[in-house]
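This report describes selected parts of one structure. The sequence and the model are shown first, and the text follows.

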Amino acid sequence: MTTIVNADYWEALWSGGRRYRHLDGAEARLMDARLGAGRGRPALDVGCGDGSLARHLHHERGYRTTGIDISPTAVDLAASHDARPGSGPAWRCADITTGDLTALPDPAYAVITCRLVYRWMDDKGAFLSRVRHLLAPGGIFWVITEIAGRREDTDPLHSLGISPAETELLTSGWSSVQTADLDVLRCFALRP
Ligand SMILES: C[S@@+](CC[C@H](N)C(=O)[O-])C[C@H]1O[C@@H](n2cnc3c(N)ncnc32)[C@H](O)[C@@H]1O
């Protein structure tokens with residue numbers, strides 16, 4: 001049976017208590033070194049989940065951050081960490097693939113992050129076009145994803161890795177592509 005990965009799928013996981021790999025110190029240091037200080041510039045975290053990465057960019061790195069996720073429970077969870085409404089990142093519940101991008105707080109972002117999300121985009125080409133549309137000239141698209149072949153075939157999570165063709169699609173057409181590896185993950189810094 002094929003699982004349909006849509007808004008209901010993600011909402012069921014979040015409301016059922018499913019959580020994802022934590023943003024640890026090593027990953028955060030790698031990201032911080034590539035992205036630099038925010039100095040109030042806008043950042044967008046796509047598929048923000050419970051908002052850890054967006055909060056890191058906002059509170060630790062000085063980006064004016066927006067987190068967007070398709071799951072209402074994830075967005076509520078993210079917002080529940082804010083000391084008071086409006087004190088943290090802006091949170092939006094929307095589908096990045098079909099939502100009205102003009103409804104986002106900023107027309108263009110100095111940084112767009114996408115952690116453990118790219119693998120789930122059905123039409124990756126269309127998704128990447130929308131990201132490019134939102135990225136400011138000179139901006140950085142920071143993608144964290146599993147890479148195929150990093151787990152044993154018997155590992156139930158082995159299908160989380162993206163294929164070489166999906167990697168090629170992700171990395172084509174940028175003026176600069178830098179990568180860094182973290183166990184099963186690869187981080188990509190992509191510049192228009
Ligand atoms: C594997 S989780 C990763 C969550 C978070 N980025 C993290 O690192 O913990 C994937 C997230 O992407 C969100 N998502 C999936 N498809 C989406 C879409 N089309 N638009 C917005 N968010 C989406 C899901 O709701 C889920 O929170």
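Asp-45 has Thr-113 of strand 4 opposite it. The model discussed here is a predicted one. On strand 2, the residue opposite Asp-45 is Gly-67.

Strand 1 spans residues 42-46 and is mostly covered, with five of its five residues buried. Pro-42, Leu-44 and Val-46 point one way from the strand, while Ala-43 and Asp-45 point the other way. Residues on both sides of strand 1 are buried.

| Pair | Sense | Bridges |
|---|---|---|
| Strand 1 and strand 2 (residues 64-69) | parallel | five |
| Strand 1 and strand 4 | parallel | four |
| Strand 2 and strand 3 | parallel | four |

Strand 1, helix 3 (residues 52-60) and strand 2 form a right-handed β-α-β unit. Strand 2, helix 4 and strand 3 likewise form a right-handed β-α-β unit.

## Arg-64

Arg-64 belongs to strand 2. Is this residue, Arg-64, counted as buried or partly exposed? Arg-64 has 18 C-beta neighbours inside 10 Å, so it counts as partly exposed; a buried residue would need 20 or more.

When neighbours within four places in sequence are left aside, Arg-64 is in contact with Gly-40, Arg-41 and Pro-42. Pro-42 is one of the buried residues of strand 1. Val-46 lies 18 residues from Arg-64 in sequence, and the C-alpha to C-alpha distance between Val-46 and Arg-64 is 14 Å.

## Helix 4

Helix 4 covers residues 72-80, and Ala-74, Val-75 and Ala-78 are buried in it. Seen down the helix axis, the buried residues of helix 4 fall within an arc of 95 degrees, so they line one face of the helix. What do these buried residues of helix 4 pack against? Their partners are helix 1 (7-15), helix 3, strand 2 and strand 3 (90-93).

## Helix 2

Helix 2 runs over residues 25-35, and its buried residues are Glu-27, Met-31 and Leu-35. Viewed down the axis of helix 2, these residues fall within an arc of 50 degrees, so they line one face of the helix. On the other side of helix 2, the exposed residues are Gly-25, Ala-26, Arg-29 and Ala-33.

The buried residues of helix 2 pack against four strands: strand 4 (109-115), strand 5 (135-146), strand 6 (176-182) and strand 7 (185-191). Strand 4 is also paired with strand 1 in the parallel sense. Just after helix 2 comes Gly-36, which takes a positive phi of about 75 degrees.

## The ligand shell

Around the ligand there are 17 residues. Which of them come nearest to the ligand? They are Trp-10, Tyr-20, Gly-47, Gly-49 and Ile-70. Sorted by class, the shell around the ligand holds 10 nonpolar, four polar and three charged residues.

Methods. Residues numbered from 1 in each chain as written. Predicted model: local features only at pLDDT ≥ 70, side-chain atom pairs only at ≥ 80, totals over all residues. Buried ≥ 20, exposed ≤ 12 C-beta atoms within 10 Å, placed from the backbone. Helix = DSSP H or I, 4+ residues; strand = E, 2+ residues; numbered from the N terminus. Arc of directions from axis to C-beta. Contact = placed C-beta atoms within 7 Å. Near = placed C-beta within 6 Å. Nonpolar A, V, L, I, M, F, W, Y, C, P; charged D, E, K, R; others polar. Pairing = 2+ DSSP bridges. Right-handed = clockwise from strand over helix to strand, strands pointing away.
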